[in-house]
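Please read the following note with the sequence and the model open beside it.

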Amino acid sequence: MPTLKFPLELDNTGSFAILEEDSTDYYAQLLSLCALTEPQTFPFSPTFGVFDPTFEEVDRGQFLLQAARFFPEIAITEAEIELNEQTGESKFKVSFTGS
């Protein structure tokens, strides 16, 4: 089923850009939404998401648990935090395969 791309953007025809189910971009979007959503945000699924890591690093274990629970079709092959020592910026890098 086609899914709207997030954040919303227009394609070259002026329609909203969509992602095809089971594509790499589709799976990346699902994992991104899981990482960017706080638990208790959605009343219909209050356990979805991970806690805001603004002042801490992403809780890798919580992310892996949530991804496995809500997206069993995605196999995460790597999840690591990269720290830029010059800027202090950290990035959460995830590699995966989808079935």
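1. Does Phe71 count as buried or exposed? With a relative accessibility of 9%, Phe71 counts as buried, where buried means under 20% relative accessible area, exposed means over 50% and partly exposed lies in between, all with a 1.4 Å probe and protein chains only. Before going further, please note that this is a predicted model, in which local features need pLDDT of at least 70 and side-chain atom pairs count only at pLDDT 80 or more, while totals for chains, interfaces and linings use all residues. Residues are numbered from 1 along each chain as its sequence is written, and side-chain values use heavy atoms, with hydrogens and water left out.

2. The overall plan comes next. The protein has 2 helices and 4 strands, and from the N terminus on its elements run β-β-α-α-β-β; helices (H or I, at least four residues) and strands (E, at least two) are DSSP runs, numbered from the N terminus. Of the 99 residues in the protein, 21% are buried, and the C-alpha atoms fill a box of roughly 40 × 35 × 25 Å along the principal axes.

3. Phe71 also takes part in an aromatic pair. Rings of Phe, Tyr and Trp (for Trp, its six-membered ring) pair if their centres lie within 6.5 Å, and planes under 30 degrees apart count as stacked, over 60 as edge-to-face and the rest as tilted. The whole structure holds 6 aromatic pairs. In the pair of Phe48 and Phe71 the ring centres are 6.1 Å apart and the planes stand at 90°, so this pair is edge-to-face.

4. Phe48 and Phe71 belong, together with Leu31 and Phe63 among others, to the largest nonpolar core, which has 12 residues in all. Such a core is a set of buried Ala, Val, Leu, Ile, Met, Phe, Trp, Tyr and Cys residues joined through side-chain atoms within 4.5 Å. Its largest share, 5 residues, comes from α1. In soluble globular proteins, nonpolar side chains tend to be buried together.

5. Phe63, in helix α2, is buried at 1% relative accessibility. Leaving aside neighbours within four places in sequence, Phe63 is in contact (heavy atoms within 4.5 Å) with residues including Leu31, Val50 and Phe92. Under that condition, the contacts of Leu31 include Phe63, Phe71 and Phe96.

6. Thr37 lies in the loop between α1 (24–36) and α2 (60–70), and its relative accessible area of 10% makes this residue buried. A polar atom of its side chain lies 2.6 Å from the backbone oxygen of Leu33. Apart from neighbours within four places in sequence, Thr37 is in contact with Phe42, Phe48, Gly49 and Val50.

Terms used: A polar contact is a pair of N or O atoms within 3.5 Å; within protein, one must be able to donate a hydrogen and the other to accept it, and residues adjacent in sequence count only if both atoms are side-chain atoms.
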